[in-house]
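This report describes one protein chain for a reader who is new to structural analysis. Please keep the sequence and the three-dimensional view at hand while reading.

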Amino acid sequence: MARLQDTAKGDRPDLLSAGLFIGFGALGLWMSRGLDFGTLAQMGPGFLPRVVCLLLIAVGLAVGLPALKRPAQAIEAIRLRPLLVITIAVVGFAFAATHAGFVLASLWLVIAGSLADPGGKWRHVLSLAAGLTLFGALVFVYGLGVQVPLWPF
């Protein structure tokens, strides 16, 4: 990453990440303000959203406060290729999971997503795709019983 002035403080990428965490946490707290919180013994519909939002804010503070003390780092320009490739891979997975089955959708996600970084080796990509597909099928389809077909047939 490019350096800003040597005397400047604030790691810009981490500060941006912290701002996003804190912003989404605050937005969630505001949106869940009308839900009953309940107690630990009888949790209301607002309990989990508020706890998750408070955790988001805590993560944002944990990332942002140390970033204020570090030397300044600039935010790199957005590269279009990885952004488009990852978006297409995720959208393709969402479509393929219901129409082509979990196995093919998962393979698509890892292999298509690997095209975002042209430096990847195919042997590593294929072994990662196979391992993640097996793990995902065991955990989500068999273990948790997610209602998605394993195969298209």
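In this predicted model, the side chains of aspartate 11 and arginine 70 meet in a salt bridge, with 3.4 Å from N to O. The two partners belong to distant parts of the chain, 59 residues apart: aspartate 11 is in the segment before helix 1, while arginine 70 is in the loop between helix 2 (47-69) and helix 3. The structure holds two salt bridges. Arginine 70 also forms a salt bridge with aspartate 14, where the closest N and O atoms are 2.3 Å apart. Because aspartate 14 lies in helix 1 and arginine 70 in the loop between helix 2 and helix 3, this pair ties together parts that are 56 residues apart in sequence.

A residue is called buried under 20%, exposed over 50%, and partly exposed in between.

| Residue | Relative accessible area | Class |
|---|---|---|
| Aspartate 11 | 12% | buried |
| Aspartate 14 | 25% | partly exposed |
| Arginine 70 | 29% | partly exposed |

The overall architecture may be considered next. The secondary structure of the protein chain consists of five helices and zero strands, and the pattern along the sequence is α-α-α-α-α. The radius of gyration is 21 Å, whereas a compact globule of 153 residues would have a value near 15 Å. Along its principal axes, the C-alpha trace spans about 60 × 50 × 20 Å. Of the 153 residues, 29% count as buried. Among contacts with a separation of 6 or more, 65% come from residues 24 or more positions apart.

Helix 4 covers residues 102-114 and has 13 residues. From its first C-alpha to its last it reaches 18 Å, close to the 18 Å expected at 1.5 Å a residue. Which residues of helix 4 are buried? They are Phe102, Val103, Ala105, Ser106, Val110, Ala112, Gly113 and Ser114. The cover over these buried residues includes helix 3 (80-99) and helix 5 (122-143).

Threonine 133 gives a detailed view of this region. This residue is found in helix 5. Threonine 133 has a relative accessible area of 6%, and therefore counts as buried. Leaving aside residues up to four places away in sequence, threonine 133 touches Phe102, Val103, Ser106 and Leu107. Phe102, Val103 and Ser106 are also among the buried residues of helix 4.

The accessible surface of the protein chain comes to about 10600 Å², and 74% of it belongs to carbon and sulfur atoms. A nonpolar patch on the surface is formed by Leu16, Leu20, Phe24, Leu27, Trp30, Met31 and Ile75, which together have about 770 Å² of accessible area. Leucine 20 counts as partly exposed because its relative accessibility is 46%.

Technical notes: Residues are numbered from 1 along each chain as its sequence is written. This is a predicted model: local features need pLDDT of at least 70, side-chain atom pairs count only at pLDDT 80 or more; totals for chains, interfaces and linings use all residues. Side-chain values use heavy atoms; hydrogens and water are left out. Patches are made of residues with over 30% relative accessible area and no salt bridge: like charges are joined within 9 Å, nonpolar side chains (Val, Leu, Ile, Met, Phe, Trp, Tyr) within 5 Å. Accessible areas come from the Shrake-Rupley method with a 1.4 Å probe; for residues, only the protein chains shown count as cover. A salt bridge is a side-chain nitrogen of Lys or Arg within 4 Å of a carboxyl oxygen of Asp or Glu. Buried means under 20% relative accessible area, exposed over 50%, partly exposed in between (1.4 Å probe, protein chains only). Helices (H or I, at least four residues) and strands (E, at least two) are DSSP runs, numbered from the N terminus. The radius of gyration is taken over C-alpha atoms; the globule rule is 2.2 Å times the number of residues to the power 0.38. Contact means heavy atoms within 4.5 Å. The expected span of a helix is 1.5 Å times one less than its number of residues.
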